[in-house]
Amino acid sequence: MIELKEIIKEYQVNGIDTVMALRGINLYVRSGELVVLKGASGSGKSTILSLIAALSKPTSGEVIVNGDRISKLPDNFASDFRRHSIGFVFQKYNLIPTLSVKENIILPLVPMNLETRDIEDKLSRVLKMFHIEHKENQLVKNLSGGEQQRVAIARANINNPQIILADEPTANLDEKLSLHFIDILKELKAEGKTIVVATHDPLFFGLNIVDREIEIYQGSIV
Amino acid sequence: MRNKINLYVIEYAINSLLRQKYKTFFVTFILSILVFLLSSLFFITNSIKYELKSTVDSLPEITVQKIKAGRHYDIDISVLDEILQITGVESAVARVWGYYYFENAGVNFSIVGLDEYEEQYKNSFVEAVKGLDFSKPSMVVGEGVKKIMDKNYYREYFNFIKPDGTLKRVDIGGLFKGETELESNDVIVMSKESVREIFDMEESKATDIVVRVANFNEVAKVASKIKLLYPDSRVITKDDLKISYQNIFDYKSGLFLALFVVSLFTFFIIVYDKASGLSSEQKREIGILKAIGWRVNDVLREKFYEGFIVSFFSYMMGIILALAFVYILKAPLLQNIFTGYSQLKTSFNLPFVLDVQTLALIFFLSVPIYIAATIIPSWRSATLEADEVIR
Ligand SMILES: Nc1ncnc2c1ncn2[C@@H]1O[C@H](COP(=O)(O)OP(=O)(O)OP(=O)(O)O)[C@@H](O)[C@H]1O
Ligand SMILES: [Mg+2]
């Protein structure tokens, strides 16, 4: 369950001016729901995702996830929260291009100091699930855009988090790959995950797996 | 599990260094060179300080020379008896010695004359006298002298050229072992008679007189009494000599200081460069790690390992190279800066004086500073909102 209460988010630009990215957002996403945030560029979709992932803090208002007020979490707890509860598929994927597929995917596990077998188990689960076993040892920078996205999705799922956030997941994909991504969403939804997708790709509009479409306009919900 | 060292983080740190292998290699190389330079300087300085201290310790308490027109002349041996009358004087010995310039090699030897039945003013001479055959012209020579003579095919004897141009043949009887190598390297010991002949010195004269004083506190008093008795003499005490030795050393170590400053400067430029900021790629990487659930301290731990691996490896490399350079290769080039004043440019062994303090000093000058320079900018990046870096 994700809840945003009266969220205002301002960004400082060049020290003096402020840009108001979100102007009083109230949003409730139930467990297992697939919600699409849509809206023009600059409307505030990415800002909402980043608040849910505790990657930034609201100027005012509260973000509550599974009963925890994560907008108030100290930095270390925010990291722990992301590690265990959030799988974020970034718009630019945010992979480390000079590492291999495998190394990128297990990156969230590195500080956890798990047994090697645990790591191998978790890795092979997501490699299979997102069909990239055959690229395991290739460097990420040598992969196609679609493959890179699957690596990003695999990394987001390595700890089997309850919440998946995806920012403009189809922006860099052709139609065939976009449809493939929607298949992946279906699979994740079938596993009971709560999913929030930020997009302005019409492909997502009116999809039967999407529970709700929420339109953002200049920082407010329409 | 919590206490176990996280090998994955170490592995990540190593990978991260290898991913930028040229930069890592370059920094390690420069750091090693700096540690090498610094520690070589310290090692040589320590060794020579040790040698100088031993040399000064073995110096006579008072030396009396005759001075005329500001120059040093041979002194009358008769002075000896009067000096012995001064209260507080334990013993006094007339020394016969001088520098002999060996033209073929372009070096000076210090020739010291000894009497078989005289009390020796240095312990090392007691042994030397045993090696001398007083029934014929013979000598014992320092290791450096021996090498030079060998090189010039004087293996059994040496022909000294006297002031009148005639030759004086002296047999080589053995090797002279001094208390320190600096001291004994260029020394030749033979009978006073032979020395007088080589330098054309009268029987009634000596080069100088060394005086031993029973009570250390009376040295200054005795020295001023001698000066009063012989206004035409220069009376030098051990303390004076200590100062002039120290001056030579300080002058030489000025050069070292310059090198030292240069290497520190270079080091701080590297550190400054590192500390002044991360590339946007490095910032992004830290942002990504934060975004996928690394804590600030996870990031810092990883950076700590990176800094530690590079700086500790460089430290060890530098120290090992310096040890080999100074004590095995005998510090070519650098050593000459210091030992030039003995005028004998033969190799001379630096005594092995390794103190933990020096190693610790170099360690603290390099490793923690480098690690801090690695961690601090990463810490600044890691505590920013990850959101800012990865958008
Ligand atoms: N770090 C920042 N500093 C200043 N302004 C920011 C920052 N991040 C976002 N903004 C501003 O906040 C507003 C909302 O941005 P956001 O990225 O959330 O929009 P978006 O709906 O995701 O747009 P897009 O579809 O282009 O991704 C924009 O006006 C943007 O310029
Ligand atoms: Mg966006």
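Contact means that heavy atoms lie within 4.5 Å. This definition is applied below to a predicted model, in which local features need pLDDT of at least 70, side-chain atom pairs count only at pLDDT 80 or more, and totals for chains, interfaces and linings use all residues. Residues are numbered from 1 along each chain as its sequence is written, chains are lettered from A and ligands numbered from 1 in the order in which they are written, and side-chain values use heavy atoms, with hydrogens and water left out.

## Helix 1 of chain B

Helices (H or I, at least four residues) and strands (E, at least two) are DSSP runs, numbered from the N terminus. Helix 1 of chain B covers residues 7-19, and its 13 residues should span 18 Å at 1.5 Å a residue; the expected span is 1.5 Å times one less than the number of residues. The end C-alpha atoms are 18 Å apart, which agrees. At the start of this helix, a side-chain oxygen of B:N6 comes to within 2.9 Å of the backbone nitrogen of B:Y8.

A residue is buried under 20% relative accessible area, exposed over 50%, and partly exposed in between (1.4 Å probe, protein chains only). In helix 1 of chain B, the buried residues are B:Y8, B:V9, B:Y12, B:A13, B:S16 and B:L17. They pack against helix 4 (116-129) of chain A, and also against helix 2 (21-57), helix 10 (280-291) and helix 11 (296-328) of chain B.

Two strands pair if DSSP finds at least two bridges between them. Strand 7 (residues 157-161) and strand 8 (residues 167-175) of chain B run antiparallel and are joined by five bridges; within this pairing, B:Y157 has B:D171 as its bridge partner. The two strands form a hairpin with five residues between them, and B:G165 in the turn has a positive phi of about 95 degrees.

B:D208 belongs to strand 11 (residues 208-213) of chain B. This residue counts as buried because its relative accessibility is 0%. The side chains of B:D208 and B:W97 are joined by a polar contact of 3.1 Å. Such a contact is a pair of N or O atoms within 3.5 Å; within protein, one must be able to donate a hydrogen and the other to accept it, and residues adjacent in sequence count only if both atoms are side-chain atoms.

In chain A, four strands form an open sheet in the order 2-1-4-5, with antiparallel pairing. Strand 2 (17-29) and strand 5 (68-69) are the edge strands, each pairing on one side only. Strand 1 (residues 2-13) and strand 4 (residues 60-65) of chain A pair over five bridges, and A:K5 stands opposite A:E62.

Helix 1 (residues 45-52) of chain A is mostly covered, with seven of its eight residues buried. After this helix comes A:A54, whose phi is positive, near 60 degrees.

## Strand 6 of chain A

In a regular strand, side chains alternate between the two faces of the sheet. Both faces of strand 6 of chain A are covered: A:I86 and A:F88 on one side, and A:G87 and A:V89 on the other, are all buried. Strand 6 pairs with strand 7 (residues 163-167) of chain A in the parallel sense over four bridges, and A:F88 stands opposite A:L165.
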